[in-house]
Amino acid sequence: MSDDLQKLRQHIDELDEQIQTLISERARLAEEVARTKQANGDDVFYRAEREAQVLRNVMQRNQGPLGNEEMARLFREIMSACLALERIMNIAFLGPEGTFTQAAALKHFGHSVQTLPLATIGDVFREVESGTASYGVVPVENSIEGVINHTLDEFMTSSLSICGEVELRIHHHLLSKAAGIDDIRKVYSHRQSLAQCRKWLDSHLSEVEQVDVSSNAEAARLASADPASAAIAGESAADIYELDYLAKNIEDHPENTTRFLVVGRRATPPSGNDKTSMLVYTRNRPGALYGMLEPFAKHDISMSRIESRPSRQGMWNYAFFIDIEGHIDDSNVSQAIRELDETASMVKVLGSYPRAVL
């Protein structure tokens with residue numbers, strides 16, 4: 001080994017020791033934070049706004065060579081491990097194990113949490129409402145396929161607040177125990193994934209039977225038991241069910257992204273870069289939609305999404321799900337919502353929360 005290489009490795013070892021010492025000191029401070037909170041009667045250990053601020057600061061001061069997102073992910077895991085010293089959180093998600101929703105939960109909370117797979121989106125809401133789970137993670141929209149109506153419908157009756165959002169780039173892989181693509185006779189996947197990989201399937205597996213199942217993780221489980229079949233799923237499913245990659249990134253649109261919402265029982269204070277989601281019921285009269293949107297324009301508030309769903313309060317009556325920039329504590333947002341409340345039949349603020357950082 002050359003002297004130059006030996007010196008570089010020695011320097012790395014010294015830095016590793018310093019980093020480990022600093023992480024341990026951070027963990028001890030986290031334990032002290034927990035004791036201070038308990039002494040003050042504060043039982044809120046996870047602060048979404050605080051974590052978002054820390055991660056934004058990490059990205060702002062990053063000078064490379066690691067990218068901003070990679071550096072933030074490292075700090076996310078450090079924060080997750082330190083928070084687990086205060087309290088290990090139980091995070092409910094739309095299961096089973098190996099779904100993209102679980103990947104989103106771990107991206108947001110880090111790997112030092114316990115994840116609880118549940119069968120339906122409604123089950124996720126109920127587990128969080130009952131206090132069995134600390135928070136829940138559910139999909140709300142995909143950049144290709146649109147909104148997930150089951151999630152929107154749950155907000156109509158739920159008391160939970162939106163505490164955060166996660167954006168996850170969706171990469172689909174063809175997974176199997178088969179030796180090669182020519183051995184595949186059946187492909188399992190969720191119907192949305194089959195649709196998102198339509199061109200690739202038509203080009204490479206046009207004669208193979210496609211079977212729609214409840215989730216990509218279930219597809220991976222089925223493929224693991226049948227070497228003549230394959231699943232379209234993500235990396236987590238490949239690891240859990242010990243499947244090989246026959247083809248990677250087979251999605252038709254490389255920018256395919258799904259947005260997930262984090263739901264909890266408490267409101268989130270401002271982080272400095274927030275969004276607010278609300279549910280608005282309008283009266284069935286001319287100009288109702290214009291009246292709903294006018295306060296946002298008046299107070300210079302950008303609206304990033306609007307979706308309509310049957311209100312369940314009468315035939316042809318609709319509720320609108322709206323996302324806007326800003327926090328409910330911001331003066332222009334609170335004023336716009338007060339004015340909206342005067343014209344709409346009902347306004348339900350679903351939550352103000354930090355914009356996705358990673």
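## The largest pocket

The largest pocket has a volume of about 700 Å³. This is a predicted model. Its largest pocket has a lining of 27 residues. Leu94, Pro139, His190, Gln192 and Ser214 are the ones nearest the pocket centre.

At least two residues each come from α4, β3 (135-142), α6 (149-155), α7 and β11 (257-264). Which element gives the most? Helix α7 does, with four residues.

## Strand β1

Strand β1 covers residues 90-94. Five of its five residues are buried, so β1 is largely enclosed by the rest of the structure. Both of its faces are covered. Asn90, Ala92 and Leu94 are buried on one side. Ile91 and Phe93 are buried on the other. Leu94 also lies among the residues nearest the centre of the largest pocket.

The partner described here is β2 (residues 114-118). Five bridges join β1 and β2, and the two strands run parallel. Within this pair, Asn90 faces Gln114 of β2.

Strands of a sheet pair through backbone hydrogen bonds, either parallel or antiparallel.

Tyr188 stands opposite Ala231 in β9.

## The four-stranded sheet

A second open sheet has four strands in the order β13-β14-β12-β15. Here the pairing is antiparallel. Strands β13 (303-310) and β15 stand at the edges. Each has a single partner strand, so one side of each is left without a neighbour in the sheet. The twist averages 15 degrees from one strand to the next.

Seven bridges link β13 to β14 (residues 318-325) in the antiparallel sense. In that pair, Arg305 is opposite Asp323 of β14. Helix α11 (residues 288-298) lies across β12 (274-281), β13 and β14. Its direction is at about 15 degrees to β14.

Helix α2 (residues 48-61) has 14 residues. From first C-alpha to last it reaches 20 Å, close to the 20 Å expected at 1.5 Å a residue. Its buried residues are Ala48, Glu49, Glu51, Ala52, Val54, Leu55, Arg56, Val58 and Met59. They pack against α3 (68-86), β5 (161-169) and β15 (346-354).

Helix α3 has 19 residues, which should span 27 Å at 1.5 Å a residue. Its end C-alpha atoms are 27 Å apart, which agrees. Ala72, Arg76, Met79, Ser80, Cys82, Leu83 and Glu86 are its buried residues. These pack against α1 (3-39), α2 and α4.

## Enclosed cavities

How many cavities of 30 Å³ or more does the model hold? There are three. The largest cavity contains about 160 Å³ of space. Its lining has 17 residues. Arg76, His108, Glu165, Ala356 and Val357 lie nearest its centre. Two or more lining residues come from each of α2, α4 (100-109) and β5.

## Glu339

Glu339 lies in helix α12 (residues 331-343). Is it buried or exposed? Its relative accessibility is 15%, so Glu339 counts as buried; the cut-off for buried is under 20%. Apart from neighbours within four places in sequence, Glu339 is in contact with Pro295, Lys298 and His299.

Technical notes: Residues are numbered from 1 along each chain as its sequence is written. This is a predicted model: local features need pLDDT of at least 70, side-chain atom pairs count only at pLDDT 80 or more; totals for chains, interfaces and linings use all residues. Side-chain values use heavy atoms; hydrogens and water are left out. Two strands pair if DSSP finds at least two bridges between them. The expected span of a helix is 1.5 Å times one less than its number of residues. Buried means under 20% relative accessible area, exposed over 50%, partly exposed in between (1.4 Å probe, protein chains only). Contact means heavy atoms within 4.5 Å. On a 1 Å grid over the protein atoms alone, a cavity is a set of points where a 1.4 Å probe fits but cannot get out, and a pocket is an open set with protein on both sides within 12 Å along at least five of seven lines; lining residues have an atom within 4 Å of a point. Grid points are joined across faces, edges and corners, and a volume is the space filled by probe spheres set on the points. Axes are lines fitted to C-alpha atoms, for helices over the stretch in contact, and angles run from 0 to 180 degrees between N-to-C directions.
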